Amino acid sequence: MSERRPRPASKNPMKSVWRRGFTPPPAEPPTPAPAPPSGAPEQSEVVSVVQAALYRDGVRVSSPATLAETYRELRDQPSGMAWIGLARPTEAELLSLAAEFDLHPLAVEDAMEAHQRPKLERYGETLFVVLRAARYLDAPEEVDFGELHVFVGPDFVITVRHGAAPDLSAVRRRMEETPELLKLGPEAVLYAILDAVVDGYEPVVAGVQIDIDEIETEVFRGDPEVSRRIYELSREMVEFQRATRPLVGMLHGLMAGFSKYGTDEELQRYLRDVADHVTHTSERVDGFRQALTEILTVNATLVTQQQNAEMRALAEAGFEQNEEIKRISSWAAILFAPTLVGTIYGMNFDHMPELHWVFGYPFAIALMAVVCTSLYVIFKRKDWL
């Protein structure tokens, strides 16, 4: 890759705050880059480049198709700004950008790895910002999180998106429709991206509020699946907190640097509005977590009460079943006595006591009656009958 030639400072009186007090070295002619082997694709032919554009005084002047063209045209623009958008770039693409724009290796490594928490780092003249965007999916009723890495330098903005959110094409259109804001430089683009990410939280907050209302109804209805839904939504709110809480400190850090970096007054108002929105969103998310914790407690109480009622019903049913078994067993014992006596006297042996006795039959009947009556009295006193 050819050596990057320093670009002259902007002639715009509202130049980038990162350029204030910076005197570029004398320009040198670029060293021609060696031609790639025949048939081999150029390293800068980027399939992950969503869109790249060059701007001057808030107006788009060109739309390069590759990173190589972007580098070349940016060198040729005396007061231009490059805005490069990438989605899930490869390591080679990020290394190409790092070499061209002198990006810090730690920031490049974070952009490669992704799965970073929101943060704001300054490496010399370059700001590195990590944001967690969110969107609400209506069909599965869940929150989808994306990750966005933003490099902001003296004359460039590079966005590296991991995930479907946020929609930066809408941010670009909005900025191009307001050239007076875009001409303020890369920091204006950064604040517009922050505003888009924070505004994207509002539909998520509304969707989660509806989910919590539905969960409350399901809890008191006794839906057996509600516990799983509470748990899943609680996990999403933990992720939501991780996305919004650090933003509060990040934005206040940027606001604290207004005087130091001479931020334009319009951008100051713009950032304060974004900070207000993210603070409100963070408070709402904290409230959601608290509400879900309380709902989970209520659900556990209702489930315990329901289980106790079921156990009590089972115990009552078991008690009634035992009473029935007692009754059946008592009558079976009572009826077994005459059966036993009758069986003994019905064996028809020749030599058997009382077989030819005149009172043999009345004696057998009386014996049956006495045994049955005795058993009945015994079982009655034990409350089996």
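Author: A residue is called buried if its relative accessible area is under 20%, exposed if that area is over 50%, and partly exposed in between, as found with a 1.4 Å probe and with protein chains only. This is a predicted model, in which local features need pLDDT of at least 70 and side-chain atom pairs count only at pLDDT 80 or more, while totals for chains, interfaces and linings use all residues. Residues are numbered from 1 along each chain as its sequence is written, and side-chain values use heavy atoms, with hydrogens and water left out.

Let us begin with Glu141, which is partly exposed at a relative accessible area of 34%. In the hairpin of β5 and β6, where four residues lie between the strands, Glu141 takes a positive phi near 55°. Strands here are DSSP runs of E with at least two residues, helices are runs of H or I with at least four, and both are numbered from the N terminus. Two strands pair if DSSP finds at least two bridges between them; β5 and β6 (residues 142–152) pair over 11 bridges in the antiparallel sense, and Tyr136 has Val143 in β6 as its bridge partner. Strand β5 (residues 126–137) is largely enclosed by the rest of the structure, because 10 of its 12 residues are buried.

Side chains of opposite charge can pair when their charged atoms come close, and a salt bridge is counted when a side-chain nitrogen of Lys or Arg is within 4 Å of a carboxyl oxygen of Asp or Glu. Glu141 forms such a bridge with Arg229, their closest N and O atoms being 2.8 Å apart. This pair links distant parts of the chain, for Arg229 is in helix α8 (residues 226–256) and Glu141 in the loop between β5 and β6, 88 residues apart.

Arg229, at 16% relative accessibility, counts as buried, and its side chain also meets that of Asp211 in a salt bridge (3.3 Å, N to O). Since Asp211 lies in helix α7 (residues 201–221) and Arg229 in helix α8, that pair ties together parts 18 residues apart in sequence. Asp211 is buried as well, at 2% relative accessibility. Through salt bridges that share partners, Glu141, Asp211, Glu214, Glu218 and Arg229 are joined into one network.
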